[in-house]
Amino acid sequence: RTWRLKAEQPPIPSVVRAMASALRTAIRVCGGVRQVTIGQRILRFDLTRIRGSRFSKPASLWKSFSTQTNPSEEAKDDEREPWMFIDERIKPKSRPVGDLVQQEWPAEEEAEREFVGEFMRSSKDFIQEQEKLKAVKPEFYAKIRHEEQMNKHESKRLRDEGKLPCLIYGRTKNHRYKPLPIALEERQILKQMKHHGPSFFVTIFRINIEGRKEGILVKPQQIQYHPVTRKFESLTFVRWSPGKKTRVILPVQVIGQRDCIGVKNGGAIIRPVKGVKCVYDGPGPLPRVFKLNVQSWGVGHKFYVKDLVMPEHTRLRRPEVAHTQVLVSIIK
């Protein structure tokens with residue numbers, strides 16, 4: 001039989017390896033899966049070769065998917081405060097592989113997908129990938145820049161040392177503070193930007209300052225680049241507290257482009273704006289992104305700002321342009 005999985009975008013290599021491991025287990029259980037379609041990729045398996053491999057032995061099968069764990073030991077919950085962002089890519093925990101192998105293969109298609117999905121989450125490669133996602137917490141570690149360091153020569157010296165001059169300004173819901181100059185390591189910023197992607201500027205971070213017990217909750221506001229080398233010049237943060245009115249620009253993510261009807265008919269997807277200007281005044285965390293599925297859109301289809309479903313505690317900064325501003329359109 002053939003098992004198909006529709007992917008909105010090409011999966012990362014580690015997930016592909018996890019899927020391959022899951023299908024080897026599926027072949028071991030039911031002996032009937034011959035190929036799987038992942039987006040545009042097709043993974044084929046030769047049953048005669050797999051039956052004679054190490055996956056035919058239960059002991060090797062167990063070691064190939066995950067390390068042996070004691071089911072009675074309860075995993076510790078992730079200690080994160082409510083304002084912190086929990087990565088959407090982190091999937092729920094699954095049962096041990098040994099229990100899944102002994103379970104009967106489901107007959108319904110939806111139950112079959114969930115069953116194979118548990119195999120994927122139980123695989124060793126996928127578990128390691130999830131641990132990497134959990135390891136990146138929204139935190140920075142910084143040092144205060146004193147008044148004698150507030151000049152052009154000291155800023156250049158910081159950049160040569162791999163650090164970046166930053167500034168924290170703004171007020172919380174109940175207090176007003178003076179601007180606070182700090183110095184951050186550039187690798188910390190690059191790591192967080194790579195992890196959060198377009199949602200970096202709508203993520204609440206905690207800045208732990210050397211010599212202070214309590215951290216500062218901030219939102220990245222603006223980053224300046226060198227006009228020639230395009231290297232980081234400086235970064236500004238705005239203080240944040242639960243309930244404070246915060247201006248954000250939520251990015252727009254387009255999914256389903258490969259299967260879009262308009263693209264298949266010779267059209268092209270146009271995105272006039274990259275984000276939507278909103279105001280958020282909730283307890284946190286901030287809304288992350290607007291996802292638009294263009295799979296069923298034809299040529300000439302236009303998606304306006306007024307068609308968005310706004311998250312809770314979020315409103316448009318300029319509602320008067322919602323009926324005229326186009327987010328995504330498909331033209332010939």
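Trainee: Which residues is Val299 in contact with, leaving aside its neighbours within four places in sequence?

Mentor: Contact means heavy atoms within 4.5 Å. Here Val299 is in contact with Gly262, Asn265, Gly267, Ile330, Ile331 and Lys332. Bear in mind that this is a predicted model, where local features need pLDDT of at least 70, side-chain atom pairs count only at pLDDT 80 or more, and totals for chains, interfaces and linings use all residues. Numbering runs from 1 along each chain as its sequence is written, and side-chain values use heavy atoms, with hydrogens and water left out.

Trainee: Where is Val299 found?

Mentor: Look in the loop between E13 and strand E14 (302-304); strands are DSSP runs of E, at least two residues, numbered from the N terminus. Lys264 is 35 residues from Val299 in sequence, yet their C-alpha atoms are 9.5 Å apart in space.

Trainee: And is Ser234 buried or exposed?

Mentor: Buried means under 20% relative accessible area, exposed over 50%, partly exposed in between (1.4 Å probe, protein chains only). Ser234, in strand E9 (residues 232-239), has 19%, so it counts as buried. Val299, at 40%, is partly exposed.

Trainee: What is the order of the strands in the open sheet?

Mentor: Two strands pair if DSSP finds at least two bridges between them. The four strands run E13-E10-E12-E15, with mixed pairing. E13 (290-293) and E15 (314-316) are the edges; each has a single partner strand, so one side of each lacks a neighbour in the sheet. E10 (residues 246-255) runs parallel to E13, joined by four bridges, and Val252 stands opposite Phe290 in E13.
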